Amino acid sequence: MSAPLAGKVALVTGASRGIGKGIALVLAEQGATVYVTGRTVKEGDYYLPGTVGGTAAECDERGKESGGKGIAVAVDHGDDEAVARLFEQIEREQGRLDILVNSATQLSEDLLEPLPFWEKPLSNLEMWEVGARSYYVCSWHAAKMMARQKSGLIAMISGYTGVTYTYGVIFSATKCIVDRIARDMAIELEPYNVATVSLWQGLTLTEKARDNLAKVSDKMTNSVAGQTGSSVEHPGRVIAALASDPEIMKRSGGSFITAEVADDYGVVDINGRRIESMREKRGAPLWKPISEADYRGK
């Protein structure tokens, strides 16, 4: 079996289930050692199935032929000290980090409730804490390792909501922040040969999305609920392709629609289906790679 990521070390945050889990499985299948983080340790701790240990075990299974494996670390990405310990562990055990995928996101319980922002609690700012701030914190730690080795890829999971109203003010603003920090980090990491990208996911058929579509699809944004959706592994295939691209620096700083990057690399979903870009219906990214546009204010 081809193992394009053999010898690579990856960290995928928020990988107990959902998009993070799908990405972790693909990276392990392609040969990477994947650190899997999340808060769920025991089945039943959350209303949907999935644990960090379960994902790591599936990574081991998927990586049998390629040498890939999973390492589970229970982490609350709202806890800076726990995140620091995570990176200390990766440094101690591996001495390097090649791929960081920022996927962990805290979604408020009333996300789908059609209420204006002032009628929702300020506690919903938790989506900024674990969804924007946490992306910055993990990238801060990862950049120290990657700059030293002069290589690496930091991928941010974002979405069309960066330019299109989706589920409310905080959720939309969070993705705008993610896109912008990926762009600005690219400028400062460019001399160290470290790339950062923000990937716009459309509807991804996670456990939560399937549950919402079955129970409360009437509350979901029409442009979201109306999509066919991709598997959770499709973005992992795209990230694996990016991580294997010797010219990845040409993309650094850009926000990209995952489906369009997939087309660039000839990536299809696990069922062989091409995922459609929603550019015409949901909007286009604002930020081009820094190799194509000068954002330095000079």
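I looked up Ser 252 and found a buried residue, at 1% relative accessible area. I take buried as under 20% relative accessible area, exposed as over 50% and partly exposed as in between, with a 1.4 Å probe and protein chains only. The model is a predicted one: local features need pLDDT of at least 70, side-chain atom pairs count only at pLDDT 80 or more, and totals for chains, interfaces and linings use all residues. Residues are numbered from 1 along each chain as its sequence is written, and side-chain values use heavy atoms, with hydrogens and water left out.

I placed Ser 252 in the loop between α8 (234–243) and β7 (255–257). Helices (H or I, at least four residues) and strands (E, at least two) are DSSP runs, numbered from the N terminus. Leaving out residues up to four places away in sequence, Ser 252 touches Ala 186, Val 194, Ala 195, Thr 196, Pro 289 and Ile 290. Contact here means heavy atoms within 4.5 Å.

Val 197 belongs to strand β6 (residues 194–201). Its C-alpha is 5.7 Å from that of Ser 252, at a sequence separation of 55 residues. Val 197 is buried, at 0% relative accessible area. Outside the four places on either side in sequence, the residues it touches include Leu 153, Ile 154, Ala 155, Met 156 and Phe 256.

**Entry: helix α4**

**Entry: positive phi**

Most residues other than glycine have a negative phi. Lys 150, which follows α4, has a positive phi near 60°. Tyr 167 has a positive phi near 65°; it sits in the loop between β5 (152–159) and α5 (169–189) and is buried at 15% relative accessible area. Asn 193, in the loop between α5 and β6, has a positive phi near 60°. At 40% relative accessibility, Asn 193 is partly exposed.

**Entry: cysteines**

I counted 0 disulfides, a disulfide being a pair of cysteine sulfur atoms within 2.5 Å. For Cys 138 the nearest cysteine sulfur is that of Cys 59, 17 Å away. Cys 138 is buried, at 1% relative accessible area, while Cys 176 is partly exposed at 35%.

**Entry: the whole chain**

The chain has 10 helices and 7 strands. Its radius of gyration is 18 Å, close to the 19 Å of the globule rule for 298 residues, so the chain is as compact as a globular protein of that length. The radius is taken over C-alpha atoms, and the rule is 2.2 Å times the number of residues to the power 0.38. Of the 298 residues, 55% are buried. Of the contacts between residues at least 6 apart in sequence, 73% join residues at least 24 apart.
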